[in-house]
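This report describes selected features of a two-chain model in running text. Please consult the sequence and structure below while reading.

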Amino acid sequence: MLTYIIRRTLYMIPLLLVVSLISFSLIKLMPGDYLTTARMNPQITEETLNQQIARYGLDRPFIVQYWFWLKNVVQGDFGTSFDTRMPVFKTLFFGSRLMWTVIIATTTLVLTWIIAIPIGIYSATHQYKPSDHVVTFFGFLGLSIPNFFFALVLLWLLVVIFRVGDYGLGVGGLLDTRYFDAPMSLAKIGNYLWHLWPIWVVIGTGGMAGLIRLMRGNLLDTLTLPYVQTARSKGLKERVVIYKHAVRNAINPLVTVLGLSLPGLVGGSVITAIVLNIPTVGRAYFAALQRQDEPVIMGGLLFFSLFLLIGNVIADFLLAWVDPRIRYD
Amino acid sequence: MKKALILAGLLLVSSLAVFGQGYDAQPADALVFPIGVAGTPYENAELGTQGGTLYEASIEDPRGWNNHTAHETSTTQYTNLMHRGLLNLDHISGAVVVDFAKGYDISEDGLVLTFYLREGIMWSDGTPITADDVLFTYNDVILNEDVDCNARDGQILPDGTFPILEKVDDYTVTFTLSTIYRPILNSLTFNLMPKHKLAQFVHKLNPDVPAGTFNETWTLDTPLSELVGNGPYVVTGYEVNVSVTMERNPYYYGYDNAGTQLPYYDKFVSLIVSNQDVSMLKFRNGEIDVYALRPEDIPILLPEGPAKGYTVDITDKATYGTTWIMINQDVGLPDGTNEEKRELYRNVEFREALAHLLDKDTMVQNVLNGLGTAQWSPISVPSPFYGGRDFYGGPITEADAVWFEYDPALAASKLDALGVVDADGDGWRDLPSGDPLTIEINANDNTVRIAYCLIIQDDFREAGLNTNFQVVDFNTLVGQLFSSTGDIIQLGLTGGDEPNSGKNVYRSCGALHAYRFSACEDPDEVDLRIDELLNLGANTFNLDDAFAYYKEYQQLLAHQLGYVYLCQQTFNYARYDKVGNAHLASPTSTPGGNNGLLTELCFDKS
């Protein structure tokens with residue numbers, strides 16, 4: 001196992017190199033650059049623009065720019081954001097962004113799994129019954145409503161229909177303004193929860209349908225296998241057959257999904273975070289993309305690629321752990 | 001118990017000492033706003049009282065706290081409240097007025113400007129502000145090539161030199177110009193920076209720090225207690241993607257005429273709300289007090305306002321900026337093709353025909369819900385130099401405006417006269433030689449702009465012009481503009497009060513003279529006159545003379561139809577009635593204020 005992990009880690013290096021080269025080329029292929037907006041500003045002269053182009057190193061040939069970037073990265077210097085003039089990772093993780101990203105991502109993930117897995121099991125064991133159709137329908141409804149739209153509708157319902165403002169409650173963001181400077185208290189925690197539940201609902205419903213379908217499909221496949229029949233025929237209770245034998249085997253492919261969702265934890269749900277005013281790393285990265293803030297785009301990309309690769313390794317590892325048949329040696 | 005009481009008392013006294021900072025009495029040199037005084041811009045303002053918190057929303061996070069290296073309003077909307085300059089643009093009239101300078105003289109020859117600074121005024125940390133701070137800001141920050149500062153461009157005199165700033169004494173400075181250049185007054189509104197805090201980061205003054213250090217100074221991760229200003233507010237809190245909190249500067253020198261120090265609100269909180277629909281919901285929910293609204297919000301907010309205690313102001317004041325289509329007179333020039341089309345585009349008669357096909361009224365009605373005004377001039381309507389006024393700064397009468405009325409019949413006859421007729425019977429007009437003529441219109445992905453272009457495409461096609469409208473990426477569009485590879489491009493530009501701030505666009509060699517870059521080598525009579533008028537308008541301190549030059553400049557440009565203007569949204573505002581003086585919000589207050597609001601005069605009425 002250890003040699004396997006070392007081998008996988010070494011594979012990452014050329015992979016990240018290729019990823020960085022391709023993404024650097026893609027950034028350069030995009031029309032315009034960080035200074036395009038400045039070019040349209042009537043009050044900025046050409047001399048000033050040229051100075052800025054030189055300052056950001058945008059006047060050098062592509063391959064030279066990439067070489068300098070790579071050289072600095074190898075030395076641990078990911079550069080300074082054009083936009084905030086802070087180091088790249090400080091820009092991405094500034095303030096409480098990383099903390100909130102992790103809190104929101106993990107809570108949503110746990111909630112989604114806790115709800116989706118039982119529903120998937122229920123759905124499979126009640127295949128084609130009306131109750132199966134009902135849960136599947138709601139699952140698909142959650143999947144098919146765009147998250148940003150669902151978020152807007154939710155806020156609209158709260159403000160216009162339920163008139164939460166009359167009770168002194170705000171929508172979006174992390175807290176109501178009156179708690180901004182307040183010391184931590186039960187009421188403040190309650191207010192955080194009031195602002196977090198729409199996120200759980202919006203992102204949760206979006207991710208749940210896929211998991212439900214996956215769990216349902218896997219379990220249905222497993223339930224037809226001979227060993228399940230054997231288990232039944234030797235007189236085991238249906239509950240034991242399902243939970244002890246079928247579900248355990250049906251859950252294997254989902255472990256891979258769990259590992260692969262790691263980068264999404266940090267980078268995902270950008271649009272929902274924008275609509276609901278939540279500070280997340282994904283938003284900082286999205287802003288950098290919009291403004292063509294090259295050092296941040298590159299740094300962020302490496303970071304997310306690394307996460308994806310680590311997620312892969314973790315998934316492999318978990319799989320070996322839950323399924324004794326799998327060996328990597 | 002006694003000990004505890006004494007301790008508590010001491011704590012109270014010490015905490016009072018922290019919050020009790022500020023002037024003992026109104027400084028002799030305070031800047032006094034004549035609230036409610038008839039004949040002044042403030043005659044409709046009300047006297048207020050100190051206290052309370054004002055909440056508003058802004059669309060983006062600040063990118064730093066350094067006013068002079070900031071390149072965007074998402075940052076300067078805060079730094080403009082934290083810093084003030086010698087001069088300012090009046091929030092209401094847009095005229096150049098004194099701010100940190102209590103007065104200024106212009107020498108007889110117009111070449112020496114002497115500024116008298118307010119004495120006894122402190123930075124927000126209690127350090128006195130003197131001429132040294134002015135010299136530091138101007139010579140070591142703005143004019144310092146090592147500093148990435150856009151404000152430097154506004155300081156360039158017509159001969160390429162910069163004004164020379166000298167200190168006469170601690171409270172008097174002079175700017176010496178090589179030539180008379182009135183727009184320099186607009187540029188001398190630059191915000192002052194505290195030398196005692198920032199000199200250590202300027203490479204020129206402190207060789208121990210590497211070149212460029214100042215550009216990475218006062219970034220978002222700087223402890224907020226390090227930020228020092230002379231404006232009405234200082235930043236005291238920032239939660240990324242959530243909010244910016246500013247608190248009153250105890251040493252701000254602005255007072256009302258009843259002796260109350262400004263600003264009235266103790267705190268000013270800007271919630272960062274990146275989605276405009278959510279901003280509106282937050283306003284309706286009572287979370288923010290003021291909201292600069294979009295035309296589409298009005299049918300929702302107008303009926304709801306009275307019950308919820310807010311007012312929706314619908315004004316006919318146009319906002320700054322211009323929206324236009326550009327007919328590329330250099331079309332095909334970069335690759336030597338389309339010669340006949342280029343010749344046609346260069347013919348002003350053809351451009352007039354197209355101008356007569358622009359249905360600006362429909363654009364205002366259908367796209368802006370009626371909340372817009374048609375444009376004809378390169379100068380923004382709020383500018384005192386806008387040519388539609390009947391004299392300098394006077395009321396807008398549009399008597400001198402140059403309109404090309406929507407008139408398809410006239411357009412058709414002009415096209416016929418040019419020989420642009422349907423030669424091959426395919427239903428589309430062709431070039432005079434008989435070759436097919438196709439017009440490409442490009443705009444970026446913006447609902448308002450797309451709607452304008454669809455209206456234009458319809459009218460062009462109706463007139464027999466084979467027109468294709470296509471949405472392209474903004475950066476691609478800008479690329480087309482600068483390389484003269486576009487055909488007709490629809491875009492907009494920001495605008496200001498001083499016409500010379502647009503010289504980069506309209507001078508024949510301007511970097512944004514995109515409708516005909518070739519005018520730089522090959523200017524015609526009109527181009528030369530426009531260059532001359534820009535210089536004449538700048539070369540006098542007499543505002544009436546300047547206005548006359550600028551009026552001719554605007555009319556010439558309108559007739560030249562380089563950029564052909566469309567329409568601009570008017571300024572509309574929604575505000576809770578508990579916010580005093582919010583009715584003074586106007587597009588003019590944006591340069592110094594916030595979101596259109598005259599922040600330092602707003603007060604809590606509840």
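## Helix packing in chain A

Helix 6 (residues 97-125) and helix 7 (residues 130-144) of chain A pack at an angle of about 145°, and their axes lie 8 Å apart. Axes here are lines fitted to C-alpha atoms, for helices over the stretch in contact, and angles run from 0 to 180 degrees between N-to-C directions. Helices (H or I, at least four residues) and strands (E, at least two) are DSSP runs, numbered from the N terminus. The model is predicted: local features need pLDDT of at least 70, side-chain atom pairs count only at pLDDT 80 or more, and totals for chains, interfaces and linings use all residues. Residues are numbered from 1 along each chain as its sequence is written, while chains are lettered from A and ligands numbered from 1 in the order in which they are written.

The crossing of helix 6 and helix 7 of chain A is left-handed, a term that applies if the near helix is turned anticlockwise from the far one by less than a right angle, whereas clockwise is right-handed. At this crossing, A:Ile119, A:Tyr122 and A:Ser123 of helix 6 meet A:Asp132, A:Val135 and A:Thr136 of helix 7. Two residues are in contact if their C-beta atoms, placed from the backbone, lie within 7 Å. The residues of this helix contact comprise three nonpolar, two polar and one charged. In this classification Ala, Val, Leu, Ile, Met, Phe, Trp, Tyr, Cys and Pro are nonpolar, Asp, Glu, Lys and Arg are charged, and the others, Gly among them, are polar.

Chain A as a whole has 16 helices and zero strands. Its C-alpha trace spans about 85 × 65 × 35 Å along the principal axes.

Two strands pair if DSSP finds at least two bridges between them. Strand 8 (residues 172-176) of chain B takes part in the pairings tabulated here.

A hairpin of two residues connects strand 7 to strand 8 of chain B. Which residues of strand 8 of chain B form its covered face, and which its uncovered one? B:Val173 and B:Phe175 are on the covered face, while B:Thr172, B:Thr174 and B:Thr176 are on the uncovered face. In a regular strand the side chains alternate between the two faces of the sheet.

## A five-stranded sheet in chain B

Another region of chain B holds an open sheet of five strands in the order 18-17-19-15-20, with mixed pairing. Strand 18 (466-471) and strand 20 (563-565) of chain B are at the edges with a single partner strand each, so one side of each has no neighbour in the sheet. Neighbouring strands of this sheet are turned by 30° against each other on average, direction ignored. Within the sheet, strand 17 (residues 438-443) and strand 19 (residues 488-493) of chain B run parallel and are joined by two bridges. B:Ile441 has B:Ile488 of strand 19 as its bridge partner.

## Contact between the chains

In the contact between the chains, 47 residues of chain B touch 44 residues of chain A. Strand 12 (267-272), helix 6 (276-284), helix 13 (474-483) and helix 14 (503-506) of chain B each supply at least two residues to the chain B side. That side divides into 16 nonpolar, 19 polar and 12 charged residues.

Key: Buried ≥ 20, exposed ≤ 12 C-beta atoms within 10 Å, placed from the backbone.
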